[in-house]
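Please walk me through this protein model. Start with the fold, then go on to the contacts, the salt bridges and the surface.

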Amino acid sequence: IRLWIYPKEIPKNDLFLVHKTTHRTFYETAQQETKEQKFDDCLFIDSNGYLVETTIRNVFVRLDSGWVT
């Protein structure tokens, strides 16, 4: 899949983004913008600079110490 880093960080005080919910306005907006940029999905970065997730996927990274999510 083709991924890009979404240019807006996830708002840290938005309770709908901290917990899994069906309120997906932020994700749906990001998904639309991602499609307009000709990518399949985008990576979200939180306010601490950490890679968090995509619009519909979890992220797994393999480090020397093993897989992390």
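Helices (H or I, at least four residues) and strands (E, at least two) are DSSP runs, numbered from the N terminus. Strand S5, for example, covers residues 66-68 and includes Val68. The model is predicted, so local features need pLDDT of at least 70 and side-chain atom pairs count only at pLDDT 80 or more, while totals for chains, interfaces and linings use all residues. Residues are numbered from 1 along each chain as its sequence is written, and side-chain values use heavy atoms, with hydrogens and water left out.

Begin with the overall layout. The protein has two helices and five strands. Read from the N terminus, the order is β-α-α-β-β-β-β. Along the principal axes, the C-alpha atoms fill a box of roughly 35 × 30 × 20 Å. Contact means heavy atoms within 4.5 Å. Take the contacts between residues at least 6 apart in sequence: 47% of them join residues at least 24 apart.

Next comes burial. Accessible areas come from the Shrake-Rupley method with a 1.4 Å probe; for residues, only the protein chains shown count as cover. A residue is buried under 20% relative accessible area, exposed over 50%, and partly exposed in between (1.4 Å probe, protein chains only). Of the 69 residues in the protein, 25% are buried.

Leu3 sits in S1, which spans residues 3-5. Its relative accessibility is 34%, so Leu3 counts as partly exposed. Leaving out residues up to four places away in sequence, Leu3 touches Phe39, Asp41, Cys42 and Leu43. The C-alpha atoms of Leu3 and Asp40 are separated by 6.0 Å, although the two residues are 37 apart along the chain.

Thr34 belongs to H2, residues 25-36. Thr34 has a relative accessible area of 1% and is therefore buried. With residues up to four places away in sequence not counted, Thr34 touches Trp4, Phe39, Asp40, Asp41 and Cys42.

Which charged pairs join parts of the chain? A salt bridge is a side-chain nitrogen of Lys or Arg within 4 Å of a carboxyl oxygen of Asp or Glu. By this rule there are three salt bridges.

Asp40 and Arg2 form one of them, at 3.3 Å from N to O. Asp40 lies in the loop between H2 and strand S2 (41-45), and Arg2 in the segment before S1, so the pair ties together parts that are 38 residues apart in sequence. Asp40 is partly exposed at 27% relative accessible area. Arg2 is partly exposed as well, at 46%.

Lys8 pairs with Glu33 in a salt bridge, the closest N and O atoms being 3.3 Å apart. Lys8 lies in the loop between S1 and helix H1 (15-18) and Glu33 in helix H2, so this pair ties together parts that are 25 residues apart in sequence. The relative accessible area of Lys8 is 43%, which means partly exposed. Glu33 is partly exposed at 21%.

Arg57 and Asp41 also form a salt bridge, with the closest N and O atoms 2.7 Å apart. The pair links distant parts of the chain, 16 residues apart: Arg57 is in the loop between strand S3 (51-53) and strand S4 (61-63), and Asp41 is in strand S2. Arg57 is partly exposed at 32% relative accessibility. Asp41, at 2%, is buried.

Is Tyr50 buried or exposed? Tyr50 is exposed, with a relative accessible area of 54%. Tyr50 is placed in the loop between S2 and S3. Not counting residues up to four places away in sequence, Tyr50 touches Phe44 and Ile45. Tyr27 is 23 residues from Tyr50 in sequence and 17 Å from Tyr50 in space, C-alpha to C-alpha.

Finally, return to Val68. Val68 is partly exposed, at 35% relative accessibility. Patches are made of residues with over 30% relative accessible area and no salt bridge: like charges are joined within 9 Å, nonpolar side chains (Val, Leu, Ile, Met, Phe, Trp, Tyr) within 5 Å. Leu51, Val61, Leu63 and Val68 make a nonpolar surface patch of about 290 Å².
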